[in-house]
Amino acid sequence: MKITTMWNNPITLLGGTYTAFINTYSFVPNGPLSTLSLVGQSPGPSSTWISLHPKNRSLLFSTVETGPGSVASFIIGSDGLVRQIDRTPSFGNSPAYLAIVNDGKEVIAPNYSSANVASHILGEDQAYFVSRSNLVTFNGSGPNRARQASSHPHEAVQYGNEVFIPDLGADKVWRLEKDGGKWSVKGFIQQPLGSGPRHIVPLKGKLYTIHEMSNTVTEQRAPKLLANISTLPPTVPPGSLHNAAELFVSPPSTRYPTPYLYASNRNTDPLGDTIAIFALEPKLHLVRHVHTGLQQLRGVSLGGEDGQYVAAAGLAGGGIAVFERVDGGADLKLLARYDGVGSEKVSSFVWT
């Protein structure tokens with residue numbers, strides 16, 4: 001009788017894309033012999049950001065970014081492929097992100113090009129959109145007239161009873177609270193002017209923000225700015241364009257007791273864009289850059305039972321790759337890469 005070890009059990013990843021499909025991949029961890037392959041593709045046009053439901057991991061939600069903006073829900077089959085079961089307008093253009101909040105009862109989608117966010121109420125089955133809570137509109141601008149003529153909300157993160165919205169166009173992180181069942185702006189956390197805040201990690205009373213336009217990561221204990229550090233590698237090719245993108249923190253565990261902050265760069269190096277790794281203690285500081293071999297790095301995502309893997313995609317080339325966190329999380333080692341059909345224009349991942 002053959003005994004399969006946990007080391008060889010395949011892990012399923014789903015990839016949101018700028019194509020007509022949501023992709024399903026199989027990652028088989030096996031040290032230097034690890035493999036990454038395409039299982040199949042499911043209809044899901046321009047599902048650029050995807051998220052699992054926190055209470056039911058057989059439910060997937062996505063933005064539909066092109067055309068009239070919308071959000072959609074899918075059921076994940078036993079084969080890892082997905083089937084759309086509902087879809088509703090996002091009440092704006094270019095929804096760049098969605099967050100499932102309020103104990104899995106609501107989906108909030110920021111509309112990047114319409115300067116608003118909509119809250120969509122889910123039914124008891126948590127799969128169907130039954131109503132819209134309300135629409136919150138932001139009014140702001142920044143010093144970069146080409147990119148900051150108006151508000152551009154880019155993400156939604158629940159923190160306690162608030163939802164934080166980083167606004168790339170206004171250099172603010174808006175704070176939303178519910179009042180009488182409706183979301184409203186209760187204040188904001190100012191960001192450096194012209195920085196373009198994109199994604200955030202609120203953690204233990206501090207706010208970590210990645211800024212797309214200034215290519216920096218900041219640490220704040222609002223309103224005080226504690227640190228402001230470049231995400232870029234020390235050697236940047238002349239003429240390259242810089243746009244910092246993703247940001248996440250690794251939760252401490254027995255295997256990885258020290259949390260690290262991971263930030264992605266886009267279009268900075270012919271060796272592939274880098275993931276910058278930051279330590280949080282004793283103060284925020286850069287540990288190292290890891291070249292990924294990916295171009296226009298997107299969809300950087302933590303996965304595995306112990307958070308031991310990082311998936312990443314090259315929106316403009318290089319395919320997709322899975323890295324193992326080594327040296328306690330202070331470094332990354334490439335395990336597998338896939339650049340075949342279904343590896344193009346991937347913009348987000350979830351680990352199922």
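Which residues are linked with Arg147 in a network of salt bridges?

**Entry 1: ground rules.** I am working with a predicted model, where local features need pLDDT of at least 70, side-chain atom pairs count only at pLDDT 80 or more, and totals for chains, interfaces and linings use all residues. Residues are numbered from 1 along each chain as its sequence is written, and side-chain values use heavy atoms, with hydrogens and water left out.

**Entry 2: salt bridges.** I looked up salt bridges (a side-chain nitrogen of Lys or Arg within 4 Å of a carboxyl oxygen of Asp or Glu). The structure holds 13 of them. My opening question has its reply here: Arg147 is linked with Arg198, Glu212 and Arg266 in a network.

Arg198 and Glu212 meet through their side chains at 2.7 Å, N to O. Arg198 is in strand E16 (residues 197-203), while Glu212 is in the loop between strand E17 (206-211) and strand E18 (216-221), 14 residues apart. I note that strands (E, at least two residues) are DSSP runs, numbered from the N terminus. Both Arg198 and Glu212 are buried. Buried means under 20% relative accessible area, exposed over 50%, and partly exposed in between (1.4 Å probe, protein chains only).

Next I checked Glu162 and Arg175, whose side chains form a salt bridge at 2.9 Å, N to O. Glu162 lies in strand E13 and Arg175 in strand E14, so this pair ties together parts 13 residues apart in sequence. Glu162 counts as buried at 10% relative accessibility. Arg175 is partly exposed at 27%.

Asp327 sits in the loop between strand E26 (320-326) and strand E27 (331-338) and Arg288 in strand E23, so parts 39 residues apart in sequence are tied together. Asp327 is exposed, at 56%. Arg288 is partly exposed, at 28%.

**Entry 3: the sheet with E23.** Four strands form an open antiparallel sheet in the order E20-E21-E22-E23. Strands pair if DSSP finds at least two bridges between them. Strand E20 (247-249) and strand E23 (285-291) stand at the edges with a single partner strand each, so one side of each has no neighbour in the sheet. I found six bridges joining strand E22 (residues 274-279) to E23. In E23, His289 is the bridge partner of Ala276.

**Entry 4: the core.** Which residues have the most contacts inside the largest nonpolar core? They are Phe61, Leu98, Val163, Ile165 and Leu176, in a core of 26 residues. Such a core is a set of buried Ala, Val, Leu, Ile, Met, Phe, Trp, Tyr and Cys residues joined through side-chain atoms within 4.5 Å. Among the elements that give two or more residues to this core are strand E5 (59-64), strand E11 (129-137) and strand E13 (162-167).

**Entry 5: rings.** I counted eleven aromatic pairs in the whole structure. Rings of Phe, Tyr and Trp (its six-membered ring) pair if their centres lie within 6.5 Å; planes under 30 degrees apart count as stacked, over 60 as edge-to-face and the rest as tilted. Phe61 and Phe129 are edge-to-face, at 6.0 Å centre to centre and 75 degrees between the planes. Both are buried. Phe61 is in strand E5 and Phe129 in strand E11, 68 residues apart. Ring pairs also link Tyr25, Tyr338 and Phe349 into a cluster.
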